[in-house]
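Hi,

Here's the structure I promised to pass along.

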Amino acid sequence: MTQKFPFDHFLKLDGLNDGQAVLKKADLPVSPVIIEQTLKGISIPQPKLASEFSPEELKTITEALLEHIKSLVNPNKFHAYFGNTFTVSAVGQDVVEFVVTTSFIKKMVETHYEETIKLALMEILGKRYELSILVLGSNSSMSSNEENILNTIKNDKKNESPKVNTFFIQDLAHTKDDLFKAVDSKVIEHMSSPSASQIDTQKTFSNFIVGPSNNIAHALAMAVAKDPGKTYPALYVYGNSGLGKTHLVHAIANCIQNNNLSARISITSANKFMNEMIQAMQGQKFSEFRQKYVEKTDVLIIDDIHELKNRTGTQDQFFHIFNELMERGKQLVFTSDKPPKEIDGIEDRIRTRLSSALPVEVQQPDLETRIAILKKKAIEKDIYLSDDVVNLIARCVKSNIRELEGCLIKLGAVTSILKVDIDLEVAKEHLNLNEELENQKHITIESISKTVCNYFKIPLGDLRGKSKTKEVALPRQVSMYLINKLIKPTLKDNGQYFGGRDHSTVLHAINTIKERIKTESLLAQQVLDIEKQL
């Protein structure tokens, strides 16, 4: 281990020069003795490597490494996982040792960024190293090297001043930058949570918000859960990330398990399925692997099945397991971000098997569904949001449900950590929604009607005229429905635009479309497509 531990990287101490150090906090100087005593109060993890690099060299390596990683990683994630949280503490023959500030950061770096760091080290040091990551503040024993600063800190601990240490650490913990980092980490933890290999009991049909974007998928999932292996032996749910596919399949598993405690349910992801198969082959336990997924499984749920692409060996085993389960009358459920015909890198026989499953798409939620989701999640998480704030988020965040929840998590963290109440201005500031609001189009009765006409390729004059043909009647009803939903004029004003039709005609049109999109997936998709264009 080096002779000096890089405290300044973590604590942002201004240069230690000839025994003089100054910590800038309200422009008050802090003596070298206070800093020395403070550093003694921090537990340093057990160094595992003897490094021949000097502190200055390690600092240069750290800076170069972080600069390289910064070019490869999302800026927000770099700020959360690497900026002032990550440093090189030793370089061995084949291993580079790092120290990070929290166990959570250690877990995230090991899970998601190990290969990125190895590539960066290759560029900087010219060879491939393995990684060893330690956590600052762990209670590990100190190095046996008597001259090591770690042992010096340990041996001098009796002489420290608890009063000064407490003041210093509290003072450091309450800086504005640290509070904002704590808020960001809450959101990152939520957005980065990996899916579990076991059933999530919190994801049920009762707390799944149903709307035009997912009503067909919800109905089919419930049918599968009530009669597994019979009604729809294989169900294939697809759609973009973060729209609730995983929630639906866990809801299926929960429902089946509640109705039949003896049902054997295997829930996994394509990646975990592959890794489990490889480990079974390496440990000569392949028969146990097949037994688990064939003889001991009544319901097989595989999340993100598209990740089987370009994995020939895994695809081969999946093919045989699929066939055997279908022959035994078992239930299969898959999720993916695209339909089978659009997945590259899978064999035709796999594509055929997946295509034989009943496909159903989960689409982006409409405004009303997004509002309902936010209100329900806010109640579950005990976060109070006014209708203005809920509507702001729902109007601006349209991509997926996970991002909606991320906004909610962030506002909850702002309330608990920064101790402020959430109003419209606070929400705009912390969620960066100002720009989206400024760029929103001004929606009018005419703009909605023109968009509907362009979509269905009919003249605006026909839409507003007296024609009652099917080609015009449906677009007119869709227009009235969207005008009521997005602008909410009086029924009279709505009908006035369409040739002076009375309020009962408008009300009938609104109710007709509202009911049809609950059962007709094509119409639901058409209405969503038009709304996205507005």
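Below is what turned up, taken one spot at a time.

Before you start, keep in mind that this is a predicted model.

Let's begin with two pairs of packed helices. Two packed helices are described by the angle between their axes and the distance between the axes.

If you turn the model around, you'll find that the crossing of helix 23 with helix 26 is right-handed. So who's touching whom? From helix 23 come Leu 474, Val 478, Tyr 481, Leu 482, Lys 485 and Leu 486, and across from them in helix 26 sit Leu 523, Val 527, Ile 530 and Glu 531. Sorted by class, the contact of helix 23 with helix 26 has eight nonpolar residues, two charged ones and no polar ones.

The other pair is helix 12 (residues 270–282) with helix 13 (residues 286–295): their axes come within 7 Å and cross at roughly 145°. Helix 12 brings Phe 273, Glu 276, Met 277, Ala 280 and Met 281 to the contact, and helix 13 brings Phe 286, Phe 289, Lys 292 and Tyr 293. Here the contact divides into seven nonpolar and two charged residues, with no polar ones.

Next up is Ser 449, which you'll find in helix 21 (residues 445–456). Is Ser 449 buried or exposed? Its relative accessibility is 0%, so Ser 449 counts as buried. Leaving out residues up to four places away in sequence, Ser 449 touches Leu 460, Leu 463, Ser 479, Ile 483, Tyr 497 and Phe 498.

Last, a couple of loop residues with a backbone angle to check. Asp 304 isn't a glycine, yet its phi is positive, near 55°. You can find Asp 304 in the loop between strand 6 (299–303) and helix 14 (312–327). With 25% relative accessibility, Asp 304 counts as partly exposed, because that label covers the range between under 20% and over 50%.

Lys 488 isn't a glycine either, and its phi is positive too, at about 60°. Look for Lys 488 in the loop between helix 23 and helix 24 (491–497). Its relative accessibility is 58%, so Lys 488 counts as exposed.

Cheers

Definitions and conventions
Residues are numbered from 1 along each chain as its sequence is written. This is a predicted model: local features need pLDDT of at least 70, side-chain atom pairs count only at pLDDT 80 or more; totals for chains, interfaces and linings use all residues. Side-chain values use heavy atoms; hydrogens and water are left out. Helices (H or I, at least four residues) and strands (E, at least two) are DSSP runs, numbered from the N terminus. Buried means under 20% relative accessible area, exposed over 50%, partly exposed in between (1.4 Å probe, protein chains only). Contact means heavy atoms within 4.5 Å. A crossing is left-handed if the near helix is turned anticlockwise from the far one by less than a right angle, and right-handed if clockwise. Ala, Val, Leu, Ile, Met, Phe, Trp, Tyr, Cys and Pro count as nonpolar, Asp, Glu, Lys and Arg as charged, and the others, Gly among them, as polar. Axes are lines fitted to C-alpha atoms, for helices over the stretch in contact, and angles run from 0 to 180 degrees between N-to-C directions.
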